[in-house]
Amino acid sequence: MKDLQVVETEFSSLPIIDISALVSGKENLYSVASQIRQACRESGFFYIIGHGVDENLQQRLEELSRQFFAQDLETKLKIRMVLAGIAWRGYFPVGGELTSGKPDLKEGIYFGAELPDEHPLVQAGTPIHGSNLFPANIPQFGETVLEYMEAMTTLGHTLMTGIALSLGLEESYFADRYTSDPLVLFRIFNYPPNLSPSDGNLIWGVGEHTDYGILTILKQDDSGGLQVKSKSGWVAAPPVPGSFVCNIGDMLDKMTGGFYRSTPHRVQNQSHNHRLSFPFFFDPNFDVEVKPIELDNIVANDNIGDRWDNVNIHDFRGTYGNYVLNKVSKVFPELRRTVL
C-alpha cells in the first residue's frame with residue numbers, strides 16, 4: 001500500500017460487504033480487505049453479510065430479549081447493575097445511562113465475558129471483569145447470551161484479520177499485539193416508542209457519540225433509527241436483512257493516526273414500537289498499551305473539530321483499561337460513586 005492519504009468525504013449510504021471469503025479463509029481475502037479499507041476511510045461504518053452467524057441463534061436472542069423487557073420494572077431490577085459491583089454487569093432503567101452527558105431514552109443490560117470468582121483478574125479486583133447477571137425467570141436467557149457472545153467473538157477475530165490486511169499488515173497483527181485476550185462487552189438495549197414532544201424538540205435514544213474500542217458489531221431489529229454523521233449531514237443506517245452493522249472505535253482511530261476514523265453516530269427510535277439493539281464491542285486487551293501503528297506513507301490527521309466531544313484521542317497515553325474505565329464512569333456517574 002503506497003501514498004495513502006487521509007480522506008474526509010461526504011457519503012450518503014453505507015456499503016454492504018460480503019465477508020464470506022474472510023470467514024472461510026479462502027481466496028479473495030484482499031478484495032474484501034480493499035472494500036473494508038474504503039469503508040473505514042469514507043464513513044467508518046459498513047454492513048457485513050456472509051458472516052456465518054446462525055440465524056436461529058439471533059432470532060432466539062431477540063425473542064428472549066423482548067420477553068425480558070416486557071416485564072415490570074421491579075422484576076427487571078432484580079438484576080440491576082449495582083448488584084454486580086465493579087464487574088459493571090446487569091440492568092439499567094430508562095434514563096439510567098448518560099452517553100452524551102444527558103440521560104438516554106433507552107433501557108438495557110450489560111454483559112461481558114463470563115469469568116468465575118477464581119479467575120486471576122477477578123481475584124485481583126479488576127473492573128469490568130467477573131460474572132454476569134441473568135434473569136432467573138427466563139432460563140434460556142443466559143445460555144443464549146453466552147452462545148451469541150462466543151459467536152461474536154469469533155466474528156470479531158475474523159474481521160480484525162480483514163482490517164489488518166486492509167492496512168497492509170500481516171493477518172495476525174491485531175491478534176498478536178492487542179486482541180489475544182480481547183475485552184468483549186455486549187449490550188442489549190430497548191428503546192421505547194417515539195415519544196418526541198409536539199414542540200419539535202427531538203428526544204434521542206442515544207445522543208451523538210463515538211465508540212471506545214476497536215470494533216463494534218451491531219445487530220439491530222427492523223425498526224431503524226441509527227444515524228451516522230457525514231460531512232453533509234446525518235445518514236440513516238436502516239436494517240438490512242441478514243446483516244450486521246460494523247464501525248470502528250476510538251482506539252483504531254488512534255492506532256492509525258486518524259487514517260481510519262471513529263465516526264459519530266446517534267439513535268432515535270422513530271417508530272411506534274419498541275426498538276431492540278444488540279451492540280457487541282470487540283476491544284483491546286484490558287491491560288495493553290494502545291500505540292500508533294507504523295504505517296508507510298500515511299498522513300495522520302489530528303483535526304478534532306468534527307468530534308462530538310472536542311477531545312483529541314491521539315493525545316491519550318495508557319492502557320485500554322484506563323481509557324474505557326474513564327469513559328464508562330462518565331456514562332454511569334452514580335454507579336461509579338457506588339462501586340468504585
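1. Two strands count as paired if DSSP finds at least two bridges between them. Within this pair, F186 stands opposite F280 in β12.

2. Please keep in mind that this is a predicted model: local features need pLDDT of at least 70, side-chain atom pairs count only at pLDDT 80 or more, and totals for chains, interfaces and linings use all residues. Residues are numbered from 1 along each chain as its sequence is written, and side-chain values use heavy atoms, with hydrogens and water left out.

3. On its other pairing, β5 meets strand β4 (residues 107-112) over six antiparallel bridges, where I109 has I188 as its bridge partner. Nine of the nine residues of β5 (residues 183-191) are buried, so the strand is largely enclosed by the rest of the structure. Buried means under 20% relative accessible area, exposed over 50%, and partly exposed in between (1.4 Å probe, protein chains only).

4. F174 and F186 have the most contacts inside the largest nonpolar core, which has 96 residues. Such a core is a set of buried Ala, Val, Leu, Ile, Met, Phe, Trp, Tyr and Cys residues joined through side-chain atoms within 4.5 Å. Helix α6 (residues 140-166) gives the most to this core, with eleven residues.

5. Do look at the open four-stranded sheet too, ordered β6-β11-β8-β9 with antiparallel pairing. β6 (206-209) and β9 (233-236) are the edges, each with a single partner strand, so one side of each lacks a neighbour in the sheet.

How values were computed:
Helix = DSSP H or I, 4+ residues; strand = E, 2+ residues; numbered from the N terminus.
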